[in-house]
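Subject: Handing over the structure

Hi,

Here is the structure I promised to pass on.

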Amino acid sequence: AATEAIVVAPRPQKVVVACPMSLAENWLPARIAGFRRAHPDIDVVIHGTIWSDTSEQIADLCLRIWHEDQVSEPATKLRDETLAMVCAPALLDGPQGLRGPEDVARFGLIHVLGRQDFWRIFAQTHGVTNLRLEGGLKTDASNIALELATQGLGCAVTFRSLAETYIRRGLLVEPFPCAMASPWSYYVQDGEAPQSRASKLLRSWLIDHAQLI
């Protein structure tokens with residue numbers, strides 16, 4: 001009877017997700033919250049990755065960021081990513097506050113290394129010609145750029161997926177809302193191990209709820 005009880009007992013289900021740290025901190029939690037409410041029997045383990053992390057090798061699902069010209073592996077785009085230019089609310093205050101895109105140069109640019117094209121896209125979209133695209137604060141992490149912006153140290157252009165949480169919490173504002181298309185987007189890809197029912201459910205959930213704000 002004891003042996004039979006062990007055999008028929010439901011086995012715990014688990015999904016291991018490898019996700020870029022910035023996306024894991026800003027975009028993923030809301031999707032996981034909804035998934036857990038719908039599937040409380042499935043445990044989710046999240047490995048926040050930085051650049052190429054070996055934890056991706058043990059993941060059931062991998063979230064990756066690719067340039068539109070770099071996608072060569074089987075993967076599904078989560079959504080067409082757009083960019084947002086954000087800054088601290090205080091930068092809009094007073095008579096010398098940020099009023100138009102051409103004023104951004106007075107407050108400084110925050111760059112994410114490897115994503116310098118973001119500011120070029122902003123300049124082209126808004127017809128701004130006075131930006132020092134090589135100057136300003138620089139960091140290799142989008143989350144750091146966002147945190148620098150919350151301190152009023154300049155303006156940052158980043159993925160809307162990452163900026164949405166900061167905007168919703170009132171830490172940052174988007175003074176010139178504009179759907180700037182991004183050449184980079186996030187994709188979901190199956191891991192190397194055979195896909196379980198749990199991993200398939202989570203994969204479908206992330207794709208179906210990618211537009212959630």
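This is a predicted model: local features need pLDDT of at least 70, side-chain atom pairs count only at pLDDT 80 or more; totals for chains, interfaces and linings use all residues.

First, a word on naming: helices (H or I, at least four residues) and strands (E, at least two) are DSSP runs, numbered from the N terminus. Residues are numbered from 1 along each chain as its sequence is written, and side-chain values use heavy atoms, with hydrogens and water left out.

Let's start with a loop. Asp103 sits between β5 (82-86) and α4 (104-107). Is Asp103 buried or exposed? Its relative accessibility is 14%, so Asp103 counts as buried (buried means under 20% relative accessible area, exposed over 50%, partly exposed in between, with a 1.4 Å probe and protein chains only). Apart from neighbours within four places in sequence, Asp103 is in contact (heavy atoms within 4.5 Å) with Gly97 and Leu98.

Now the sheet. It is open and has 5 strands, in the order β2-β1-β3-β10-β4, with mixed pairing. β2 (42-49) and β4 (76-77) are at the edges with a single partner strand each, so one side of each has no neighbour in the sheet. Two strands pair if DSSP finds at least two bridges between them; β1 (residues 13-20) and β2 have 8, in the parallel sense. Val16 has Val45 in β2 as its bridge partner. Helix α3 (residues 28-38) packs on the sheet and touches β1, β2 and β3 (61-67). The directions of α3 and β2 make about 170° (axes are lines fitted to C-alpha atoms, for helices over the stretch in contact, and angles run from 0 to 180 degrees between N-to-C directions).

Next, helix α8 (residues 197-208). Ala198, Ser199, Leu202, Trp205 and Leu206 are buried there. Down the axis of α8, these buried residues fall within an arc of 125° (taken from the directions from the helix axis to the C-beta atoms), so they line one face of the helix. Lys200 and Asp208, on the other side, are exposed. The cover over the buried residues of α8 includes β1, α3, β2 and β3.

Cheers
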